Amino acid sequence: MPYASRPRADAVISTPELSVDEDAIRANARYFTRLTRGRLMAVLKADAFGHGPVASAVVEEGATSLGVASIDEALALRRSGVDVPVLSWLNPIGADFLSAVSERVDLGVASADALHATVRAAHRLGRRARLHLHADLGMTRDGAPASEWRSLCELARTAERQGHVQIVGIMGHMSCADRPDHPQNLRERLRFDAAVRSARHRGLAPAVTHLAATAATITGVGGDHDLHRIGAGLYGIDPSRTSRELRFALALRAPVISARRVGADVGVGYGARFTTDRPTHLALLPLGYADGLPRAASHRAEVFVRGRRRPIVGLISMDMAVIDTGDDVLNPGETVTIFGPGDQGEPTVADWARWSDTIEHEIVTRIGARVSRVTRRTHIERTPE
Ligand SMILES: *Cc1c(COP(=O)(O)O)cnc(C)c1O
């Protein structure tokens, strides 16, 4: 769904709408630019965690490079006119390395096979691929296992000598940085230092080393490196729950479809899993789990309307949810806030994560394609595109 910039309108919305507060993202980016002393790699994977086109905004606020999970995401950033370094770190062996190398996309490499794929592409194009070797430090996930690190560095050095690649970076990722006193943090830091030493010992001279993401940067457990890969924090999510500086950037709203009065002992939704315990008013919202309201949040979640929170009742369906508004009789078309920054008492993404037994990241990245998106600036209105 394309993003549009529209003047702010708190009034009537005609369809469910996800509004992205670009100024919140800018303020978060400025915070991390300061905190990292200008060493910010803004992580824009998964459509900027569901926030859409924010690359130029974060670059304006100090990000010196961008990070994504896939080559396709990196190429999309290049097509949008982004000129700063872009790193893609999770690249299947059959990925489009030719386009990546020709578009100057930096590539994360964690295996000899991946290294060879980049060498082939570079060889065909007659130019050097820019690589970041990725060391596993204890996550046991996407980095190169310690047992393969040395040979990977040696192969990379050989390819570099032959003119096919340039090892511009060494990267690692921490598994427990949201808990600063977890013993794993020190182990992983030491392993990263050892991996960097080992790479240098084999003749590599990476210009940048980078380890910390949002939590490790905020808590400091990642130490001091040349780049900090910040994703969640840009969008107001602090996995360590220690910063007071960050601001959520998303607000999800929907218009009421209809409202009705019901008596006591009336079942609501599939399975009649909720039954009214008194006469009340119900209102129907055109948002369900296909739109990103986790079904697991049924019986716990709340929304915000007319200045107060109201519970979702019954199971959240694919396309809709029902709320109990007590004595309030909502009007069709009236706007209900599902979540927002929390300033007015509305639920936040953190509330929805708690109600769904998940993390904020999952809530913001799973808003469905049929929800319309608008990007807003709270202070400076952009003219409609
Ligand atoms: C997603 C990701 C990041 C960003 O992490 P946040 O905690 O969202 O800041 C950094 N590095 C890698 C390898 C990632 O996959």
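The shell around the ligand is made up of 6 nonpolar, 3 polar and 2 charged residues. The model is a predicted one.

**Residues around the ligand**
- The residues surrounding the ligand include Val 43, Lys 45, Phe 49, Trp 89 and His 173.
- Also among them are Ala 213, Thr 214, Arg 229, Ile 230, Gly 231 and Ala 232.
- Two secondary-structure elements, helix α2 (45–50) and strand β10 (228–230), each contribute at least two residues to this shell.

**Polar contacts and burial**
- Thr 214 places a polar side-chain atom 2.5 Å from an oxygen atom of the ligand.
- For Trp 89, a polar side-chain atom lies 3.4 Å from an oxygen atom of the ligand.
- The ligand taken alone would expose 390 Å², and the protein buries 90% of that area.

**Domain arrangement**
- The protein chain is assigned two domains, with domain 1 spanning 65–226 and domain 2 spanning 250–376.
- A distance of 41 Å separates the C-alpha centres of domain 1 and domain 2.

Terms used:
Residues numbered from 1 in each chain as written. Predicted model: local features only at pLDDT ≥ 70, side-chain atom pairs only at ≥ 80, totals over all residues. Heavy atoms only, no water. Near = heavy atom within 4 Å. Polar contact = N/O pair within 3.5 Å; in protein donor to acceptor, adjacent residues only side chain to side chain. Areas by Shrake-Rupley, 256 points an atom, 1.4 Å probe, with all protein chains shown as cover. Helix = DSSP H or I, 4+ residues; strand = E, 2+ residues; numbered from the N terminus. Nonpolar A, V, L, I, M, F, W, Y, C, P; charged D, E, K, R; others polar. Domains from an automatic or database assignment.
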